[in-house]
Amino acid sequence: MNSNHSSVLRNRSFLRLWIARIFSASAFQILSVAIGWQMYALTDSPLQLGFVGLAQFLPMLLLTLPAGQTADRYDRRTIVYLCQLIESAVVVLLIIGSVQGWMSSVHLLIAAAILGACRTFEGPASAALVPDIVDREQLPKASAWSASAMQTAMILGPSLGGVLVIWGISAAYITTLAALLLSVSLIFFVKTVHFVKKLDSMSMDTFFSGLRFVFARKIILGTISLDLFAVLLGGATALLPIFAEDILKTGSLGLGLLRSAPAVGAIIVSLILTRFSIERAIGKWLFASLVVFGLATILFGVSHSIWLSLVALFLTGASDVVSVVIRSTLVQVNTPQDMQGRVNAVNSLFIGTSNQLGEFESGSMAQLAGAVPATVIGGIGTLAVAVIWMYGLFPVLRNQKKYAVEEG
């Protein structure tokens, strides 16, 4: 185990991909803070914050299956850096619009939609790159390191975004642009070592094969659907500007701290998972982490102290990353090399649904009931989902021990 642990980061291409992910994901987190802050400043509306999440989700819903096909048909590395170049162009327009003063809520929603479309293609290609550049037995450790990269970005991005918006929205966008261009340059030098057979022809059969693969394997379907509904109900990320401004009264700096707190918990746990295996009881770890996530969400909802809120969000991040590592490792270990793009696209759709649609659900619920009741109800919903999955829909998942799934 220790040799695998050390050798993963000795792989230069994986190291470049890992650092690139920190830059690109940090850029996206800064963007999320800046667009949300600018939208709330322009509209003073929780519902409009929800629409930002919806604008990112709809392209994902429409383009996920084509994105999976693309990742299995064309060079995955090229897909990633082309998407990041388009994202860079969008950020340039956001800078110009903010500096010249013509930026409106509609422009922000269009930008969010284009960014959502780019990340729909980028996500599966980037995830499918990992098995292209590391050996199969190293995938659990590579998944844990990949999760740590994402969580590092979720620490750096939101906290940096919160500081940068104090200096001005354009400062946040310019920093985002620099991070994206650094990521592009790193991705350019990633080399794949495992040959992937490209699809011979486009057909309806290959189009839906990723979905069929996931739905045919109950352990994988149970894991990613559990995460989908839990985060869909329990995610309060879209409401953080409201908590920072109106409830905790901490302003943009407090918003940066609140956005970073889940990631601090997540990176600590993800780094622990690069050292220690949970493969002897992944089902039990999954449900235990979900219960912690639900309870911590409720605690955050009722808190009126910035410190208690930070502890609660720290716990949501620490518990959520366990399911992230379990899900990504399950998918990569049990998916044939030539289907990685399509299956990772389905996984990305589930992740995107829980995050972006969850933001719309939270914003809509907050508009109707208020931010605090919306968050508490979401936490209770997460606990209910855990019970339903554990004892009703997927009881086999409760006792799953290993990543390798022995089913047809």
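A crossing of two helices is called left-handed if the near helix is turned anticlockwise from the far one by less than a right angle, and right-handed if clockwise. The model shown here is predicted, so local features need pLDDT of at least 70 and side-chain atom pairs count only at pLDDT 80 or more, while totals for chains, interfaces and linings use all residues. Residues are numbered from 1 along each chain as its sequence is written, and side-chain values use heavy atoms, with hydrogens and water left out.

**View A. Helix α2 against helix α7.** Here α2 (residues 12–43) packs on α7 (residues 169–188) at about 160°, and the axes sit 8 Å apart. That angle makes the two roughly antiparallel (over 145 degrees). The contact brings together 18 nonpolar, five polar and one charged residues. As for handedness, α2 and α7 cross in a left-handed way.

**View B. Helix α2 against helix α4.** This time the partner is α4 (residues 76–100), with an angle of about 30° to α2 and 12 Å between the axes. So α2 and α4 are roughly parallel (under 35 degrees). Their crossing is left-handed.

**View C. A nonpolar patch on the surface.** Meet Ile86, Val106, Ile110 and Ile114, which together have about 340 Å² of accessible area (Shrake-Rupley method, 1.4 Å probe).

Definitions and conventions:
Axes are lines fitted to C-alpha atoms, for helices over the stretch in contact, and angles run from 0 to 180 degrees between N-to-C directions. Helices (H or I, at least four residues) and strands (E, at least two) are DSSP runs, numbered from the N terminus. Angles under 35 degrees count as roughly parallel, over 145 as roughly antiparallel, 65 to 115 as roughly perpendicular and the rest as oblique. Ala, Val, Leu, Ile, Met, Phe, Trp, Tyr, Cys and Pro count as nonpolar, Asp, Glu, Lys and Arg as charged, and the others, Gly among them, as polar. Patches are made of residues with over 30% relative accessible area and no salt bridge: like charges are joined within 9 Å, nonpolar side chains (Val, Leu, Ile, Met, Phe, Trp, Tyr) within 5 Å. A salt bridge is a side-chain nitrogen of Lys or Arg within 4 Å of a carboxyl oxygen of Asp or Glu.
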